[in-house]
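Have the model open and follow along.

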Amino acid sequence: MNRQERPKNSEPLALSVAWGYAFAVLLMLFIFLILVPDADGPSPWDGEAFRKGILEMFANFRILDELADMGIVRVADVGDGFLNVDLDLVGVSNRKFGWAPFYLAMTFVAMALLLRGIRQRFLTGLFGVPSSVRGQVSSYFFGRGINLFFPFGPGDLGTTKALIEFGCEPKVASAVVFYNRVFEVLAIGMVLLVGFVYLGWEGAVEPFFWAVIIVAAVVSLTRPLGWSSQKTGGFNLFRNIWIAFNGKTLVRAIREMMQQPKFFIGLLLLSVVVLGLEILGYWCIKQAFSSPMDDYVLMKDLRFVHFAIVVSVANITRVIPFTFASIGVYEITSVFMFRVFGEGYLSGTTVTLLDSILINGLTLFFFALGLRSARYPSILETWRSFFARSLTGEQ
(Lines give C-alpha, C1' and ligand atoms only; values in the text may rest on other atoms or scores of the structure.)
Protein backbone atom coordinates (compact mmCIF):
# COMPACT_ATOMS: atom_id res chain seq x y z
CA MET A 1 0.00 0.00 0.00
CA ASN A 2 1.10 3.53 -0.58
CA ARG A 3 2.12 5.82 2.25
CA GLN A 4 1.31 9.48 1.61
CA GLU A 5 2.63 12.45 3.59
CA ARG A 6 -0.21 13.98 5.54
CA PRO A 7 -0.76 17.74 5.16
CA LYS A 8 0.42 19.92 8.04
CA ASN A 9 -3.10 21.20 8.65
CA SER A 10 -4.61 17.72 8.85
CA GLU A 11 -7.77 17.55 10.98
CA PRO A 12 -8.68 15.19 13.82
CA LEU A 13 -9.90 11.84 12.48
CA ALA A 14 -13.02 11.94 14.65
CA LEU A 15 -14.02 15.18 12.92
CA SER A 16 -13.58 13.56 9.51
CA VAL A 17 -15.71 10.60 10.53
CA ALA A 18 -18.44 12.88 11.88
CA TRP A 19 -18.32 14.83 8.62
CA GLY A 20 -18.59 11.57 6.64
CA TYR A 21 -21.93 10.83 8.30
CA ALA A 22 -23.16 14.42 8.48
CA PHE A 23 -22.35 15.06 4.83
CA ALA A 24 -24.61 12.19 3.76
CA VAL A 25 -27.47 13.53 5.89
CA LEU A 26 -27.01 17.10 4.66
CA LEU A 27 -27.05 16.03 1.02
CA MET A 28 -30.23 14.00 1.49
CA LEU A 29 -31.88 16.92 3.32
CA PHE A 30 -30.90 19.21 0.46
CA ILE A 31 -32.52 16.84 -2.02
CA PHE A 32 -35.77 16.45 -0.06
CA LEU A 33 -36.13 19.99 1.27
CA ILE A 34 -34.82 22.06 -1.66
CA LEU A 35 -34.94 20.01 -4.87
CA VAL A 36 -37.99 17.77 -4.51
CA PRO A 37 -40.52 20.47 -3.51
CA ASP A 38 -39.95 22.42 -6.73
CA ALA A 39 -39.79 20.57 -10.04
CA ASP A 40 -37.95 23.51 -11.54
CA GLY A 41 -35.89 24.14 -8.37
CA PRO A 42 -33.73 24.55 -6.52
CA SER A 43 -35.69 27.00 -4.41
CA PRO A 44 -36.04 28.01 -0.76
CA TRP A 45 -37.83 25.39 1.30
CA ASP A 46 -41.62 25.54 1.17
CA GLY A 47 -43.60 23.38 3.60
CA GLU A 48 -46.62 22.87 1.38
CA ALA A 49 -44.50 22.07 -1.69
CA PHE A 50 -42.44 19.66 0.43
CA ARG A 51 -45.53 17.74 1.55
CA LYS A 52 -46.83 17.61 -2.00
CA GLY A 53 -43.53 16.35 -3.39
CA ILE A 54 -43.08 13.72 -0.69
CA LEU A 55 -46.63 12.43 -1.17
CA GLU A 56 -46.11 12.19 -4.91
CA MET A 57 -42.93 10.20 -4.28
CA PHE A 58 -44.82 7.87 -1.94
CA ALA A 59 -47.38 7.43 -4.72
CA ASN A 60 -44.58 6.54 -7.14
CA PHE A 61 -43.37 3.95 -4.62
CA ARG A 62 -46.89 2.42 -4.48
CA ILE A 63 -47.15 2.66 -0.70
CA LEU A 64 -49.97 5.16 -0.05
CA ASP A 65 -52.40 2.38 0.93
CA GLU A 66 -49.92 1.07 3.49
CA LEU A 67 -49.35 4.57 4.86
CA ALA A 68 -53.11 5.05 5.17
CA ASP A 69 -53.39 1.76 7.08
CA MET A 70 -50.65 3.00 9.42
CA GLY A 71 -52.52 6.24 10.07
CA ILE A 72 -49.87 8.42 8.44
CA VAL A 73 -51.95 9.71 5.52
CA ARG A 74 -55.66 10.17 5.00
CA VAL A 75 -57.38 9.99 1.61
CA ALA A 76 -59.53 12.99 0.67
CA ASP A 77 -59.96 13.92 4.35
CA VAL A 78 -61.13 10.39 5.19
CA GLY A 79 -59.17 8.59 7.87
CA ASP A 80 -56.89 9.48 10.77
CA GLY A 81 -53.65 10.46 9.01
CA PHE A 82 -52.01 13.86 9.47
CA LEU A 83 -51.20 14.23 5.73
CA ASN A 84 -54.04 14.59 3.25
CA VAL A 85 -53.77 12.72 -0.08
CA ASP A 86 -56.00 13.51 -3.05
CA LEU A 87 -57.60 10.80 -5.15
CA ASP A 88 -55.32 11.44 -8.13
CA LEU A 89 -52.27 10.37 -6.12
CA VAL A 90 -54.14 7.33 -4.86
CA GLY A 91 -54.78 6.43 -8.50
CA VAL A 92 -51.04 6.71 -9.20
CA SER A 93 -50.24 4.55 -6.17
CA ASN A 94 -52.73 1.88 -7.19
CA ARG A 95 -51.49 1.45 -10.75
CA LYS A 96 -50.36 -2.00 -11.79
CA PHE A 97 -46.90 -2.96 -10.56
CA GLY A 98 -44.47 -4.47 -13.07
CA TRP A 99 -43.39 -7.71 -11.45
CA ALA A 100 -41.59 -8.98 -14.57
CA PRO A 101 -39.19 -6.00 -14.84
CA PHE A 102 -38.80 -6.09 -11.04
CA TYR A 103 -37.54 -9.69 -11.16
CA LEU A 104 -35.28 -8.76 -14.08
CA ALA A 105 -33.88 -5.85 -12.07
CA MET A 106 -33.11 -8.14 -9.14
CA THR A 107 -31.47 -10.68 -11.46
CA PHE A 108 -29.35 -8.17 -13.40
CA VAL A 109 -28.03 -6.35 -10.33
CA ALA A 110 -27.37 -9.60 -8.47
CA MET A 111 -25.41 -10.87 -11.49
CA ALA A 112 -23.45 -7.61 -11.61
CA LEU A 113 -22.47 -7.95 -7.95
CA LEU A 114 -21.51 -11.61 -8.32
CA LEU A 115 -19.42 -10.89 -11.41
CA ARG A 116 -17.53 -8.21 -9.49
CA GLY A 117 -16.64 -10.87 -6.95
CA ILE A 118 -15.63 -13.24 -9.75
CA ARG A 119 -13.47 -10.49 -11.25
CA GLN A 120 -11.62 -10.41 -7.93
CA ARG A 121 -11.20 -14.18 -8.22
CA PHE A 122 -9.59 -13.75 -11.64
CA LEU A 123 -7.20 -11.18 -10.20
CA THR A 124 -6.17 -13.47 -7.35
CA GLY A 125 -5.62 -16.19 -9.94
CA LEU A 126 -3.33 -13.85 -11.88
CA PHE A 127 -1.21 -13.39 -8.77
CA GLY A 128 -1.21 -17.13 -8.05
CA VAL A 129 -3.15 -17.00 -4.80
CA PRO A 130 -4.03 -20.51 -3.55
CA SER A 131 -7.55 -20.20 -2.16
CA SER A 132 -11.12 -21.33 -2.71
CA VAL A 133 -13.38 -19.59 -5.20
CA ARG A 134 -16.05 -19.14 -2.52
CA GLY A 135 -13.61 -17.50 -0.13
CA GLN A 136 -12.21 -15.08 -2.67
CA VAL A 137 -15.61 -14.08 -4.03
CA SER A 138 -17.26 -13.75 -0.63
CA SER A 139 -14.36 -11.64 0.65
CA TYR A 140 -15.41 -9.02 -1.89
CA PHE A 141 -18.87 -8.85 -0.32
CA PHE A 142 -17.36 -8.70 3.15
CA GLY A 143 -15.60 -5.48 2.24
CA ARG A 144 -18.51 -4.07 0.28
CA GLY A 145 -20.81 -4.84 3.20
CA ILE A 146 -18.58 -2.92 5.64
CA ASN A 147 -18.86 0.11 3.37
CA LEU A 148 -22.63 0.05 3.91
CA PHE A 149 -22.08 1.19 7.51
CA PHE A 150 -18.82 3.17 7.61
CA PRO A 151 -17.61 6.16 5.54
CA PHE A 152 -14.34 6.49 3.62
CA GLY A 153 -14.26 2.93 2.32
CA PRO A 154 -12.80 0.76 5.11
CA GLY A 155 -14.26 -2.17 3.18
CA ASP A 156 -11.13 -2.27 1.02
CA LEU A 157 -9.12 -3.05 4.12
CA GLY A 158 -11.78 -5.58 5.14
CA THR A 159 -11.47 -7.38 1.81
CA THR A 160 -7.69 -7.28 2.10
CA LYS A 161 -7.78 -8.81 5.59
CA ALA A 162 -10.26 -11.46 4.43
CA LEU A 163 -8.01 -12.42 1.52
CA ILE A 164 -5.09 -12.71 3.91
CA GLU A 165 -7.19 -15.01 6.09
CA PHE A 166 -7.76 -17.19 3.01
CA GLY A 167 -4.00 -17.53 2.39
CA CYS A 168 -3.09 -14.44 0.39
CA GLU A 169 0.10 -12.48 1.04
CA PRO A 170 -0.62 -8.96 2.42
CA LYS A 171 0.98 -7.08 -0.49
CA VAL A 172 -0.76 -9.29 -3.05
CA ALA A 173 -4.10 -8.87 -1.28
CA SER A 174 -3.73 -5.09 -1.38
CA ALA A 175 -2.85 -5.23 -5.08
CA VAL A 176 -5.88 -7.41 -5.88
CA VAL A 177 -8.27 -5.01 -4.12
CA PHE A 178 -6.72 -2.00 -5.83
CA TYR A 179 -6.80 -3.57 -9.31
CA ASN A 180 -10.43 -4.51 -8.80
CA ARG A 181 -11.12 -0.81 -8.30
CA VAL A 182 -8.99 0.08 -11.33
CA PHE A 183 -11.13 -2.07 -13.62
CA GLU A 184 -14.26 -0.50 -12.14
CA VAL A 185 -12.97 2.94 -13.09
CA LEU A 186 -11.96 1.75 -16.57
CA ALA A 187 -15.41 0.25 -17.20
CA ILE A 188 -17.10 3.50 -16.20
CA GLY A 189 -14.76 5.41 -18.50
CA MET A 190 -15.49 3.06 -21.40
CA VAL A 191 -19.27 3.34 -21.01
CA LEU A 192 -19.08 7.12 -20.74
CA LEU A 193 -16.83 7.32 -23.80
CA VAL A 194 -19.22 5.23 -25.89
CA GLY A 195 -22.19 7.20 -24.59
CA PHE A 196 -20.72 10.61 -25.36
CA VAL A 197 -19.53 9.49 -28.80
CA TYR A 198 -23.03 8.19 -29.53
CA LEU A 199 -24.53 11.55 -28.58
CA GLY A 200 -22.20 13.37 -30.96
CA TRP A 201 -20.40 16.65 -30.42
CA GLU A 202 -23.46 18.83 -29.96
CA GLY A 203 -25.28 16.37 -27.73
CA ALA A 204 -22.29 15.46 -25.56
CA VAL A 205 -20.76 18.85 -24.73
CA GLU A 206 -23.30 19.98 -22.14
CA PRO A 207 -23.67 16.66 -20.24
CA PHE A 208 -19.89 16.15 -20.26
CA PHE A 209 -19.33 19.66 -18.88
CA TRP A 210 -21.86 19.20 -16.10
CA ALA A 211 -20.64 15.68 -15.32
CA VAL A 212 -17.15 17.03 -14.64
CA ILE A 213 -18.46 19.96 -12.63
CA ILE A 214 -20.80 17.83 -10.49
CA VAL A 215 -18.19 15.17 -9.71
CA ALA A 216 -15.56 17.84 -9.01
CA ALA A 217 -17.92 19.69 -6.69
CA VAL A 218 -18.79 16.52 -4.76
CA VAL A 219 -15.15 15.51 -4.42
CA SER A 220 -14.20 19.03 -3.31
CA LEU A 221 -16.68 18.83 -0.45
CA THR A 222 -15.19 15.53 0.67
CA ARG A 223 -11.62 14.55 1.47
CA PRO A 224 -9.54 11.60 2.61
CA LEU A 225 -9.98 10.57 6.23
CA GLY A 226 -8.26 13.11 8.48
CA TRP A 227 -7.17 15.44 5.68
CA SER A 228 -8.25 19.04 5.48
CA SER A 229 -9.26 20.53 2.15
CA GLN A 230 -6.48 22.61 0.62
CA LYS A 231 -7.54 25.22 -1.90
CA THR A 232 -4.71 26.19 -4.20
CA GLY A 233 -5.18 27.65 -7.61
CA GLY A 234 -8.08 28.09 -10.00
CA PHE A 235 -8.03 24.45 -11.16
CA ASN A 236 -8.41 23.05 -7.65
CA LEU A 237 -11.67 21.23 -8.51
CA PHE A 238 -9.98 19.14 -11.18
CA ARG A 239 -6.90 18.65 -9.04
CA ASN A 240 -9.11 17.28 -6.27
CA ILE A 241 -10.55 14.68 -8.66
CA TRP A 242 -7.03 13.60 -9.62
CA ILE A 243 -5.98 13.35 -5.97
CA ALA A 244 -9.18 11.64 -4.82
CA PHE A 245 -8.76 8.86 -7.37
CA ASN A 246 -4.99 8.67 -6.83
CA GLY A 247 -4.43 9.48 -10.49
CA LYS A 248 -0.71 8.73 -10.71
CA THR A 249 -1.05 5.31 -9.12
CA LEU A 250 -4.12 4.59 -11.26
CA VAL A 251 -2.27 5.35 -14.50
CA ARG A 252 0.74 3.31 -13.39
CA ALA A 253 -1.48 0.36 -12.51
CA ILE A 254 -3.16 0.46 -15.92
CA ARG A 255 0.20 0.45 -17.66
CA GLU A 256 1.37 -2.50 -15.58
CA MET A 257 -1.79 -4.46 -16.30
CA MET A 258 -1.49 -3.77 -20.04
CA GLN A 259 1.74 -5.77 -20.00
CA GLN A 260 -0.58 -8.78 -20.14
CA PRO A 261 -2.87 -7.65 -22.96
CA LYS A 262 -5.10 -10.75 -23.19
CA PHE A 263 -5.88 -10.74 -19.49
CA PHE A 264 -6.31 -6.97 -19.47
CA ILE A 265 -8.76 -6.94 -22.40
CA GLY A 266 -10.69 -9.91 -21.05
CA LEU A 267 -11.15 -8.39 -17.60
CA LEU A 268 -11.98 -4.99 -19.09
CA LEU A 269 -14.73 -6.55 -21.23
CA LEU A 270 -16.03 -8.39 -18.17
CA SER A 271 -16.07 -5.10 -16.26
CA VAL A 272 -18.04 -3.36 -19.01
CA VAL A 273 -20.54 -6.24 -19.00
CA VAL A 274 -20.85 -5.92 -15.22
CA LEU A 275 -21.60 -2.21 -15.44
CA GLY A 276 -24.00 -2.84 -18.33
CA LEU A 277 -25.93 -5.38 -16.24
CA GLU A 278 -26.18 -2.90 -13.39
CA ILE A 279 -27.49 -0.19 -15.73
CA LEU A 280 -30.05 -2.62 -17.16
CA GLY A 281 -31.11 -3.53 -13.64
CA TYR A 282 -31.69 0.12 -12.75
CA TRP A 283 -33.62 0.64 -15.98
CA CYS A 284 -35.81 -2.36 -15.15
CA ILE A 285 -36.53 -1.17 -11.60
CA LYS A 286 -37.61 2.15 -13.08
CA GLN A 287 -39.94 0.31 -15.43
CA ALA A 288 -41.27 -1.88 -12.63
CA PHE A 289 -42.50 1.17 -10.73
CA SER A 290 -44.00 2.58 -13.93
CA SER A 291 -47.28 1.45 -15.45
CA PRO A 292 -47.14 1.46 -19.26
CA MET A 293 -50.66 0.04 -19.57
CA ASP A 294 -51.97 3.16 -17.82
CA ASP A 295 -49.60 5.45 -19.73
CA TYR A 296 -47.71 6.29 -16.54
CA VAL A 297 -43.99 5.83 -17.02
CA LEU A 298 -41.22 7.31 -14.89
CA MET A 299 -38.95 9.38 -17.14
CA LYS A 300 -41.00 8.38 -20.16
CA ASP A 301 -39.02 10.49 -22.64
CA LEU A 302 -35.55 9.70 -21.31
CA ARG A 303 -33.40 7.76 -23.77
CA PHE A 304 -31.53 4.70 -22.55
CA VAL A 305 -28.14 6.16 -23.52
CA HIS A 306 -28.86 9.19 -21.34
CA PHE A 307 -29.83 6.88 -18.49
CA ALA A 308 -26.60 4.91 -18.91
CA ILE A 309 -24.52 8.10 -18.77
CA VAL A 310 -26.27 9.23 -15.58
CA VAL A 311 -25.68 5.89 -13.84
CA SER A 312 -22.06 5.80 -14.98
CA VAL A 313 -21.30 9.31 -13.74
CA ALA A 314 -23.00 8.56 -10.42
CA ASN A 315 -21.04 5.30 -10.11
CA ILE A 316 -17.82 7.31 -10.17
CA THR A 317 -18.75 8.55 -6.70
CA ARG A 318 -19.19 4.94 -5.52
CA VAL A 319 -15.64 3.96 -6.44
CA ILE A 320 -14.39 5.81 -3.34
CA PRO A 321 -17.26 5.79 -0.83
CA PHE A 322 -16.78 9.02 1.15
CA THR A 323 -20.06 8.38 2.99
CA PHE A 324 -21.57 5.14 4.28
CA ALA A 325 -23.06 3.22 1.32
CA SER A 326 -22.27 6.37 -0.71
CA ILE A 327 -25.55 7.75 0.65
CA GLY A 328 -26.17 11.32 -0.42
CA VAL A 329 -23.18 11.53 -2.75
CA TYR A 330 -24.57 9.00 -5.22
CA GLU A 331 -28.09 10.45 -5.02
CA ILE A 332 -27.13 14.10 -5.50
CA THR A 333 -24.95 13.22 -8.49
CA SER A 334 -27.72 11.18 -10.12
CA VAL A 335 -30.44 13.76 -9.49
CA PHE A 336 -28.41 16.61 -10.97
CA MET A 337 -27.35 14.51 -13.97
CA PHE A 338 -30.97 13.52 -14.64
CA ARG A 339 -31.78 17.23 -14.56
CA VAL A 340 -29.10 17.85 -17.19
CA PHE A 341 -31.09 15.57 -19.49
CA GLY A 342 -34.33 17.42 -18.83
CA GLU A 343 -35.87 15.30 -16.07
CA GLY A 344 -37.46 16.80 -12.95
CA TYR A 345 -35.88 16.64 -9.54
CA LEU A 346 -38.80 14.64 -8.14
CA SER A 347 -38.65 11.91 -10.77
CA GLY A 348 -34.86 11.90 -10.57
CA THR A 349 -34.97 11.42 -6.81
CA THR A 350 -37.57 8.66 -7.13
CA VAL A 351 -35.52 6.66 -9.63
CA THR A 352 -32.25 7.27 -7.79
CA LEU A 353 -33.67 6.05 -4.49
CA LEU A 354 -34.99 2.93 -6.21
CA ASP A 355 -31.51 2.27 -7.59
CA SER A 356 -29.85 2.75 -4.20
CA ILE A 357 -32.36 0.56 -2.37
CA LEU A 358 -31.91 -2.17 -4.97
CA ILE A 359 -28.12 -2.40 -4.99
CA ASN A 360 -27.63 -1.72 -1.27
CA GLY A 361 -30.32 -4.25 -0.38
CA LEU A 362 -28.72 -6.96 -2.50
CA THR A 363 -25.27 -6.04 -1.18
CA LEU A 364 -26.57 -6.46 2.37
CA PHE A 365 -28.03 -9.84 1.42
CA PHE A 366 -24.74 -11.14 -0.03
CA PHE A 367 -22.85 -9.65 2.93
CA ALA A 368 -25.04 -11.51 5.42
CA LEU A 369 -24.81 -14.69 3.34
CA GLY A 370 -21.03 -14.43 3.29
CA LEU A 371 -20.83 -13.96 7.07
CA ARG A 372 -22.72 -17.22 7.51
CA SER A 373 -20.58 -19.16 5.06
CA ALA A 374 -17.08 -18.31 6.29
CA ARG A 375 -15.08 -16.85 9.16
CA TYR A 376 -14.08 -13.22 8.69
CA PRO A 377 -12.16 -10.60 10.67
CA SER A 378 -14.13 -8.54 13.17
CA ILE A 379 -15.99 -5.70 11.48
CA LEU A 380 -15.34 -3.25 14.33
CA GLU A 381 -11.71 -4.33 14.53
CA THR A 382 -11.37 -3.73 10.79
CA TRP A 383 -12.74 -0.20 11.24
CA ARG A 384 -10.35 0.44 14.15
CA SER A 385 -7.44 -0.83 12.05
CA PHE A 386 -8.49 1.41 9.16
CA PHE A 387 -8.71 4.32 11.59
CA ALA A 388 -5.25 3.56 13.00
CA ARG A 389 -3.66 3.31 9.55
CA SER A 390 -5.14 6.67 8.63
CA LEU A 391 -3.27 8.21 11.57
CA THR A 392 0.00 7.35 9.83
CA GLY A 393 -1.18 8.41 6.36
CA GLU A 394 -1.17 4.84 5.06
CA GLN A 395 -3.62 4.30 2.18
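Predicted model: local features only at pLDDT ≥ 70, side-chain atom pairs only at ≥ 80, totals over all residues.

Start with H12, residues 304–319, and H13, residues 329–340. The crossing itself is right-handed. On the H12 side, the contact includes Phe 307, Val 311 and Ala 314, while H13 brings in residues including Tyr 330, Met 337 and Phe 338. By class, that contact has 10 nonpolar, 4 polar and 1 charged residues.

Now turn to H11, residues 261–288, which also packs on H12. Here the axes come within 10 Å and cross at roughly 115°, again in a right-handed crossing. From H11, residues including Leu 275, Tyr 282 and Trp 283 meet a set in H12 that includes Phe 304, Phe 307 and Asn 315. The class count is 9 nonpolar, 2 polar and 3 charged residues.

Side by side, the two pairs look like this:

| Pair | Angle | Axis distance |
|---|---|---|
| H11 and H12 | roughly 115° | within 10 Å |

Finally, H1 covers residues 13–35 and spans 32 Å from its first C-alpha to its last, close to the expected 33 Å. Which of its residues are buried? Among them are Val 17, Gly 20, Phe 23, Ala 24, Leu 27, Met 28 and Ile 31. In an α-helix, residues three or four places apart point the same way, because there are 3.6 residues a turn.

Terms used: Residues numbered from 1 in each chain as written. Heavy atoms only, no water. Axes fitted to C-alpha atoms, helices over the stretch in contact; angles between N-to-C directions. Helix = DSSP H or I, 4+ residues; strand = E, 2+ residues; numbered from the N terminus. Left-handed = near helix turned anticlockwise from the far one by under 90°. Contact = heavy atoms within 4.5 Å. Nonpolar A, V, L, I, M, F, W, Y, C, P; charged D, E, K, R; others polar. Expected span 1.5 Å × (residues − 1). Buried < 20%, exposed > 50% of the residue type's maximum accessible area, 1.4 Å probe, protein only.
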